[in-house]
Amino acid sequence: MVYKLINIFSYIYLLISSLIIAGEVGGGAEEEVYVMPAGYAFSIWGIIYLLLLGLFIRQFFANEQEEAFLRKSGWWLAVSMVLSGTAVIVSTTLSILFIAGTLLTLCVLYTKTRKELSISWMLSVPITVYLGWISVATIVDAFVVMEANGITELFGIEQLTWAVLMLSIGGLIALVFYIVHKDVMFPLVFIWGYIAIWIKQDVFLIQLVTGTVIILLAGVITFKNHRIS
């Protein structure tokens, strides 16, 4: 019962910091960078908040297998929400540390709980969607921090090249994640984010990379679902 209450308090902190203190759904960044998605993309935070709310309601009606899932999740979900909530109220430079910490804790949480297959989607989907968007957000925030600190090159490589590289790696991670875990929500979140980047950016290389990743992920998802049916 204690960890359930801690989850709720952490969720309240996330909402207060994001919606009241930061004053935005998702705390959209102001800096314009090559990987910045169109503003509508950040509305996915509203979906994440609702999914997490459903999870916390469900936890009080969990069956035996779902209780095992919740026990395995331990404090990781609560910690991820505290880190995520803090990321939007600290300075731009510090925010990357909290977002990276959120990503790490969600990766640990997913790894510890992914084998619990016989659970309600109300417990599994929120974590996957949350993890997917934080993965995209980490890429975006890394470039926001670079821009905010006037860093135009890193290790002699300019921002555009880094953007192409990181978007490509992100797309590859989403693809491998789907193939390994067969969890469609993760690549769907990447498709959501990459479409928003494709819409926002008018640089050919960025549109080429995001467009390729979108087509590839959608194609693989469609192909695998067709094979299953």
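Okay, first the ground rules. What you see is a predicted model, where local features need pLDDT of at least 70, side-chain atom pairs count only at pLDDT 80 or more, and totals for chains, interfaces and linings use all residues. Residues are numbered from 1 along each chain as its sequence is written, and side-chain values use heavy atoms, with hydrogens and water left out.

Let's start inside. Buried, by the way, is under 20% relative accessible area, with exposed over 50% and partly exposed in between, using a 1.4 Å probe and protein chains only.

Now, which helix packs against α6 at about 170°? That's α7, with the axes 11 Å apart. Axes are lines fitted to C-alpha atoms over the stretch in contact, and angles run from 0 to 180 degrees between N-to-C directions. So the two are roughly antiparallel, the word for angles over 145 degrees.

Last stop, Gln159 in α7, residues 159-181. Is Gln159 buried or exposed? Buried, because its relative accessibility is 6%. Leaving aside neighbours within four places in sequence, Gln159 is in contact (heavy atoms within 4.5 Å) with residues including Tyr34, Phe143 and Met146.

Definitions and conventions
Helix = DSSP H or I, 4+ residues; strand = E, 2+ residues; numbered from the N terminus. Parallel < 35°, antiparallel > 145°, perpendicular 65-115°, else oblique.
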